[in-house]
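Biologist: I am new to this structure. Could you show me how to read it, one feature at a time?

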Amino acid sequence: AQSCNTCYARLNLDIGPKKTAQMAKESGVRGWNGTKEAPLSTVGTNTFGTDSVKVIDMANAYATIGAEGRRSDPYFIASVDGGESFDYHYEAKPNVRRAYDDAVARDAIQAMNAVTTRGTAAKIAVSGLDRPVAGKTGTAEFDDPDGRVHAWFTGFAPADDPQVAVAVVVEDVGRSASGETGTGGSVAAPIARSMMEEVITR
C-alpha cells in the first residue's frame with residue numbers, strides 16, 4: 001500500500017525486466033519518443049516509470065487489470081451529430097483478448113485497493129464514493145532545478161465491479177505553502193476521485 005521502489009526493484013530483477021516490459025505492453029502500455037512509438041525499456045529500473053507513456057495507455061492498462069486481465073483497445077468519440085433530441089445510445093464492439101491470467105489480476109486489485117484505503121492514495125477514499133477504489137500513485141522526478149515533479153494517479157472503480165478507469169497526471173507540481181512537494185496522492189488522486197464520482201454516482 002505504501003510506495004516502496006526498492007521492493008519492486010528487487011522483484012523486477014527476480015522476474016526479469018524483459019518480462020515486465022512485455023507484460024506492460026500486453027496490458028496496453030506503449031512507449032513513446034516524441035510522436036513516434038518506441039520500445040518499452042528493459043532495464044532493471046523500468047518499473048519505476050522511466051518510459052515516456054501516454055495517459056490513455058495507462059488508463060487502458062489499469063482497465064485491463066480491473067477487467068481481470070481482459071484487454072480491449074480504447075477509442076475516442078470524435079463527435080455526436082443529431083437533431084433536437086439528445087437521447088443517444090452507442091454500443092461499442094471492442095476487440096477483447098486476454099493479456100494475463102485472472103488470478104494475477106485479482107492479486108493486483110487487492111494490493112491496489114489497499115493503496116486507496118491505507119496507503120499513498122488514502123485521500124481518495126474520503127469522498128462520496130461508498131464503493132472500493134483500486135489504484136496506484138506515482139510521483140515522477142525529472143531534471144528540474146526547483147524540484148518540481150509530475151504527479152500521477154491511475155486506477156479504477158468500483159474495485160469489485162469496475163465501471164470506470166482513469167489516469168491523471170499533473171505536470172510540474174511544485175512545493176506547497178508548507179514547503180512540501182505535491183505527490184500523486186495529494187494532487188492527482190483527488191482529481192481522479194472527482195472523475196470517478198461523476199461516473200459512479202450519476
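Modeller: Keep in mind that this is a predicted model. Start with Ser27, which lies in helix α2, residues 17-27.

Biologist: Is Ser27 buried or exposed?

Modeller: Buried means under 20% relative accessible area. Ser27 has 8% relative accessibility, so Ser27 counts as buried.

Biologist: What does Ser27 touch?

Modeller: Skip residues up to four places away in sequence, and Ser27 touches Asn60, Ala61, Thr64, Arg71, Ala99 and Tyr100. Now look at its side chain. A polar atom there lies 2.8 Å from the backbone oxygen of Met23.

Biologist: Which residues of α2 are buried?

Modeller: They are Pro17, Thr20, Ala21 and Ser27. These residues cover an arc of only 125 degrees around the axis, so they sit on the same side of α2.

Biologist: What do the buried residues of α2 pack against?

Modeller: They pack against α1 (5-15), α3 and β3 (70-72).

Biologist: Which exposed residues does the face turned away from the buried side carry?

Modeller: That face of α2 carries Lys18, Lys19 and Lys25.

Biologist: What comes just after α2?

Modeller: Gly28 does, and Gly28 takes a positive phi of about 125 degrees.

Biologist: Let us turn to the nonpolar cores. Which residues touch the most other members of the largest one?

Modeller: The largest nonpolar core has 18 residues. Met58, Tyr62, Ile65, Met112 and Phe156 touch the most other members. At least two residues of this core come from each of α3 (55-66), α4 (102-118) and β6 (149-157). The largest share, five residues, comes from α3.

Biologist: Where is the other core, and how many residues does it have?

Modeller: It lies apart from the largest one and has 17 residues, among them Val115, Ala189, Ala192 and Met196.

Biologist: Back to Met58. What does Met58 touch?

Modeller: Leave out residues up to four places away in sequence. Met58 then touches Val29, Val53, Trp152, Thr154 and Ala167.

Biologist: Now a strand. Where does Gly138 lie?

Modeller: Gly138 lies in strand β5, residues 134-141. Its relative accessible area is 21%, so Gly138 is partly exposed.

Biologist: How many residues apart in sequence are Gly138 and Ala151?

Modeller: They are 13 residues apart in sequence. In space they are 6.0 Å apart, C-alpha to C-alpha. Gly138 touches Ala151, and also His150, Trp152 and Gly184, not counting residues up to four places away in sequence.

Conventions:
Residues numbered from 1 in each chain as written. Predicted model: local features only at pLDDT ≥ 70, side-chain atom pairs only at ≥ 80, totals over all residues. Heavy atoms only, no water. Helix = DSSP H or I, 4+ residues; strand = E, 2+ residues; numbered from the N terminus. Buried < 20%, exposed > 50% of the residue type's maximum accessible area, 1.4 Å probe, protein only. Polar contact = N/O pair within 3.5 Å; in protein donor to acceptor, adjacent residues only side chain to side chain. Contact = heavy atoms within 4.5 Å. Core = buried A, V, L, I, M, F, W, Y, C linked by side-chain atoms within 4.5 Å. Arc of directions from axis to C-beta.
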